[in-house]
Amino acid sequence: MALTPDEFHQHALAATDAERRLPLSRMTMWEISPFEQDGLRVTPLRPPVTPEPPRHGEDPATCGICGKRDEGVWFNERWRLARVSGVGVPLVLMLYPRDHYDLAELPDEMAAEMGLLSTRIVRHMQAVPHIARAHLYRFGDGAAHLHLWFFGRPEGQAQLWGSWLPVWDDLLPEYPAGPADADAALVADALVASSGGSRTPQGLTTR
Ligand SMILES: [Zn+2]
């Protein structure tokens, strides 16, 4: 069993200064950190919040992701792929189950399909010229409806390697929509070729 919320908080507090600030993280010592250590300080630690507040869409009846089951660039009966706009890297795609599931609730068949689709989406993104690598993330603290992030890293931007990428993405100016839409279409066409499905939701039966 993990530490209780209070035990964990006390454990972390023991490493803080008089203002409850932890020392700067090891990641800020990394030469690809987007922040220089000088002038940077850590937010004071706050006490745990229990019970945790509900996430968006905890009740499927009010889930906004369920309401967009027909939005995206690729679809099959169970899954859809959409482009996330307003980002700084060349291409961010999101894979969602069309019906309401979180990761831990996925039936085995859908979990197996998620693995295949994720592998192929990464492969197809990395085939796009000037996207050096596609990174896959799953969080899930904001929305209850499963959503997998695929981040395309721009070729040659060596500062954007690794786990700082989502922070760099937030710092960078918005990437132009024209090339991002065109590259999303390349990935979607490749996914139709590798995995079936369709570029539109029409004609697909729902569960
Ligand atoms: Zn939902």
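I'll take the domains, then the sheet, then a helix pair.

This is a predicted model; local features need pLDDT of at least 70, side-chain atom pairs count only at pLDDT 80 or more, and totals for chains, interfaces and linings use all residues. Residues are numbered from 1 along each chain as its sequence is written.

Domains. There is domain 1 (1–53) and domain 2 (60–195), with bounds from an automatic or database domain assignment. Their C-alpha centres lie 29 Å apart.

Helices (H or I, at least four residues) and strands (E, at least two) are DSSP runs, numbered from the N terminus. The open sheet has 5 strands, ordered β1-β2-β3-β5-β4, with antiparallel pairing; a pair needs at least two DSSP bridges. β1 (74–75) and β4 (131–138) are at the edges with a single partner strand each, so one side of each has no neighbour in the sheet. β2 (79–83) and β3 (91–97) share 5 bridges, antiparallel. Leu-81 has Leu-95 in β3 as its bridge partner.

Last, the helices. α2 (108–126) packs against α4 (177–195) at about 135°, axes 9 Å apart. Axes are lines fitted to C-alpha atoms, for helices over the stretch in contact; angles run from 0 to 180 degrees between N-to-C directions. Residues meeting there include Leu-116 and Ile-121 in α2, and Val-187 and Leu-191 in α4.

Conventions. Contact = placed C-beta atoms within 7 Å.
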